[in-house]
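Please keep the sequence and the model in view while reading.

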Amino acid sequence: MDNTIVLPTALAVILIISGLWSLLVWPPYLIQAYKDPRARDEKGAPTRYLTVNLMKVTTSMVFGLATIIVGFRALMG
């Protein structure tokens with residue numbers, strides 16, 4: 001079984017740029033979510049707001065990394 005990914009170079013580059021975008025854009029968003037007053041309750045415990053945003057950022061960054069990997073594999077043939 002051949003695991004080679006065949007994509008035009010332009011599409012592979014778009015995947016890499018898209019993945020980089022996810023890795024660069026989401027961390028500042030998470031930092032803002034941590035600073036938001038809705039992130040902690042009166043006792044300092046994390047709220048659903050923080051948990052949901054952490055899950056959203058983590059998922060987006062994992063997909064971003066996977067997108068970069070697919071893009072590079074396509075470039076390398």
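Q: How many aromatic pairs does the count come to?
A: The model is a predicted one, and the count rests on rings of Phe, Tyr and Trp whose centres lie within 6.5 Å. By this rule the count comes to one aromatic pair.

Q: Are the rings of Trp26 and Tyr29 stacked or edge-to-face?
A: A pair of aromatic rings is described by the distance of the centres and the angle of the planes. For Trp26 and Tyr29 the ring centres are 5.3 Å apart, and planes over 60 degrees apart count as edge-to-face. Because the planes of these two rings stand at 85 degrees, the pair is edge-to-face.

Q: What separation along the helix do Trp26 and Tyr29 have?
A: Both residues belong to helix α1, which covers residues 9-35. Because Trp26 and Tyr29 are three residues apart in that helix, their separation is about one helical turn.

Q: What share of the residues of the protein chain count as buried?
A: A residue is called buried when its relative accessible area is under 20%. Of the 77 residues of the protein chain, the share that counts as buried is 22%.

Q: Is Ala12 buried or exposed?
A: Ala12 lies in helix α1, and, with neighbours within four places in sequence left aside, it is in contact with Gly71, Ala74 and Leu75. The C-alpha atoms of Ala12 and Phe72 are 6.9 Å apart in space, although the two residues are 60 residues apart in sequence. Because its relative accessibility is 0%, Ala12 counts as buried.

Q: Which residues does Asn53 touch, not counting residues up to four places away in sequence?
A: Asn53 has its place in helix α2, and its relative accessible area of 5% makes it buried. Its C-alpha atom is separated by 8.7 Å from that of Tyr29, a residue 24 residues away along the chain. Under that exclusion, the residues touched by Asn53 are Tyr29, Leu30 and Ala33.

Q: Which residues is Ser60 in contact with, leaving aside its neighbours within four places in sequence?
A: Ser60 lies in helix α2, which covers residues 48-76. Its relative accessible area is 19%, and because the limit for buried is under 20%, Ser60 counts as buried. With those neighbours left aside, the contacts of Ser60 are Ser22 and Trp26.

Q: Where is the place of Pro46?
A: Pro46 touches Ala39 and Arg40 when residues up to four places away in sequence are not counted. From C-alpha to C-alpha, Pro46 and Tyr34 are 9.2 Å apart in space and twelve residues apart in sequence. The place of Pro46 is in the loop between α1 and α2.

Q: What is the distance in space between Gly44 and Tyr34, C-alpha to C-alpha?
A: Gly44 has its place in the loop between α1 and α2, and with a relative accessible area of 37% it is partly exposed. Gly44 and Tyr34 are ten residues apart in sequence, and their distance in space, C-alpha to C-alpha, is 12 Å.

How values were computed: Residues are numbered from 1 along each chain as its sequence is written. This is a predicted model: local features need pLDDT of at least 70, side-chain atom pairs count only at pLDDT 80 or more; totals for chains, interfaces and linings use all residues. Side-chain values use heavy atoms; hydrogens and water are left out. Buried means under 20% relative accessible area, exposed over 50%, partly exposed in between (1.4 Å probe, protein chains only). Helices (H or I, at least four residues) and strands (E, at least two) are DSSP runs, numbered from the N terminus. Contact means heavy atoms within 4.5 Å. Rings of Phe, Tyr and Trp (its six-membered ring) pair if their centres lie within 6.5 Å; planes under 30 degrees apart count as stacked, over 60 as edge-to-face and the rest as tilted.
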